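Here is a short briefing on one protein model. Look at the sequence and structure first, then read the notes.

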Amino acid sequence: MSDMVMTSLPLLLEGLWITLLLSVAAIIGSTLLGLLAAVLRTSRVPVASHIAVLYTELFRGTPVLITLMFIYFGVAYFGYEINLFAAGILGLSIYQGAYIAEVFRAGIEAVPKGQWEVSWILGLSKRQTFLSVILPQTRGIVLPPLVGQYLSLIKDTSIVSMIGMSELMHQGQAIVDRIGQPVVIYALVAVLYFVVCFPLSRWVQHHQTRS
């Protein structure tokens, strides 16, 4: 049993490294996309607001696997090529961005409207008001649910194995196909996910308790 674990561990750690890279890239992409969608949805431009609503409702109402499949195979259907890593980043960013948009929207709307009015009286533009006054105040509001969404994203990276990417879950499946022992191998996979997610989960709980 110990020999099997030692043999499998390097491959699982290689998959974990890919999972971490994918997670970080998708976290950055989904955060930027979610923030943009939240800004558009809270804007007073009807067309922009409707586009943001359509985006959030569409992707929150469909499985992440459908998004990944559509991007990976859909791009090829139109005659273009996209590698697995890029497809994973794009799919997770678009899907999770819809949820993160709602987190940011709630944070933006939680800031008293008087903050906007005071800023305009002081001569700040809308852009300056948002970046210098509104956005900093939303940080404390959105951070716990935002990190919670990041945890969901990290776990969603396991679904990218369905399009053939050699992340942690895919490596675990490959080892099981080769040597068997699914209970042991998948237990190791679960432990590695736990090692990544547990510190973030504890941080969220600690932050919410202090709040």
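The notes below cover a helix pair, a salt bridge and a surface patch.

The model is predicted. Helices H2 and H4 pack against each other.

**Helix packing**
- Helix H2 spans residues 46-60, and helix H4 spans residues 84-110.
- Their axes are 8 Å apart, at an angle of about 115 degrees.
- The H2 and H4 crossing is left-handed.
- On the H2 side, Tyr55, Thr56, Phe59 and Arg60 make the contact.
- On the H4 side, the contact is made by Ser93, Ile94, Tyr95, Gly97, Ala98, Tyr99, Ala101 and Glu102.
- By type, the contact residues of H2 with H4 divide into 7 nonpolar, 3 polar and 2 charged.

**Salt bridges**
- The structure has 4 salt bridges.
- One of them joins the side chains of Glu102 and Arg41, at 2.6 Å from N to O.

**Surface patch**
- Trp17, Leu20, Leu21 and Phe85 make a nonpolar surface patch of about 360 Å².
- Helix H1, residues 2-42, gives the most to this patch, with 3 residues.

Terms used. Residues are numbered from 1 along each chain as its sequence is written. This is a predicted model: local features need pLDDT of at least 70, side-chain atom pairs count only at pLDDT 80 or more; totals for chains, interfaces and linings use all residues. Side-chain values use heavy atoms; hydrogens and water are left out. Axes are lines fitted to C-alpha atoms, for helices over the stretch in contact, and angles run from 0 to 180 degrees between N-to-C directions. Helices (H or I, at least four residues) and strands (E, at least two) are DSSP runs, numbered from the N terminus. A crossing is left-handed if the near helix is turned anticlockwise from the far one by less than a right angle, and right-handed if clockwise. Contact means heavy atoms within 4.5 Å. Ala, Val, Leu, Ile, Met, Phe, Trp, Tyr, Cys and Pro count as nonpolar, Asp, Glu, Lys and Arg as charged, and the others, Gly among them, as polar. Patches are made of residues with over 30% relative accessible area and no salt bridge: like charges are joined within 9 Å, nonpolar side chains (Val, Leu, Ile, Met, Phe, Trp, Tyr) within 5 Å. Accessible areas come from the Shrake-Rupley method with a 1.4 Å probe; for residues, only the protein chains shown count as cover.
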